[in-house]
Amino acid sequence: ENETGSSPLIRSLTSIAQNIRARAADILACMSFSDPKIVEHITFAGAVEPLVQILWKGTFGLEVTLAASVLNNLAFNNPQNCASIIKAGALPRLVQLLKEDQPAVKAASVLARLCMSNEVAIEAVELGAIESLTQLLWRPYPDRSSHYVQIEKTAEVKDVGLKLNPN
């Protein structure tokens, strides 16, 4: 256990109980929101791999959305964490999540952070991100204002993709 207390939370991310995994991801999302030191501790404690596993194997939308929220916070202005998230296999799943209801907007936000390098953006385009992001931009939401800022972030990924594939 480190000084942030994240190690028990990291272990909780691998629980067989979905509510425990979701609660752990929720707490880590709150903890990692604004403090780079805590982000460093969470990453050092090994959070990336189990969070990416939740993206792939999570059993309900909220759990997956919360895991994506933590990954989004870990990726913010942190190229090393972006590389770790990509290495853990998140990119193809994030592109798939763009087509799902609840986690789509958060998945787009994580993609925007990961696609700051051209090679990652090219891979995202090859995985079908542009079509899914374009559809996401126009998908109706009950409360459009609450998602507007995050949907705007998808424009970064879309712009990169359009430059690479103008058709």
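Which residues of α8 are buried? In this predicted model, residues are numbered from 1 along each chain as its sequence is written, local features need pLDDT of at least 70, side-chain atom pairs count only at pLDDT 80 or more, and totals for chains, interfaces and linings use all residues. Side-chain values use heavy atoms, with hydrogens and water left out.

The buried residues of α8 are A104, V105, K106, A107, A108, S109, V110, L111, A112, R113 and L114. Buried here means under 20% relative accessible area, exposed means over 50%, and partly exposed lies in between, with a 1.4 Å probe and protein chains only. Because 11 of the 11 residues of helix α8 (residues 104-114) are buried, this helix is largely enclosed by the rest of the structure.

The protein chain has 11 helices and zero strands, where helices (H or I, at least four residues) and strands (E, at least two) are DSSP runs numbered from the N terminus. Of the 167 residues in the protein chain, 49% are buried. The chain exposes about 8800 Å², of which carbon and sulfur atoms supply 55%; these accessible areas come from the Shrake-Rupley method with a 1.4 Å probe, and for residues only the protein chains shown count as cover. Among contacts (heavy atoms within 4.5 Å) between residues at least 6 apart in sequence, 67% join residues at least 24 apart.

The interior comes next. A nonpolar core is a set of buried Ala, Val, Leu, Ile, Met, Phe, Trp, Tyr and Cys residues joined through side-chain atoms within 4.5 Å. The largest such core holds 49 residues, and L55, L94 and L114 touch the most other members. Helix α5 (residues 61-75) gives the most to this core, with eight residues. Leaving aside neighbours within four places in sequence, L94 is in contact with L55, A107, V110, L111 and L114.

Two further sites round out the picture. R21, found in helix α2 (residues 18-31), is buried, with a relative accessible area of 11%. The side chain of R21 reaches the backbone oxygen of I16 at 3.3 Å. Not counting residues up to four places away in sequence, R21 touches S12, L13, T14, S15, I16, I54, T59 and E63. A45, in the loop between α3 (36-44) and α4 (48-57), counts as partly exposed because its relative accessibility is 23%. The C-alpha atoms of A45 and R11, which are 34 residues apart along the chain, are separated by 9.6 Å.

Note on methods. Polar contact = N/O pair within 3.5 Å; in protein donor to acceptor, adjacent residues only side chain to side chain.
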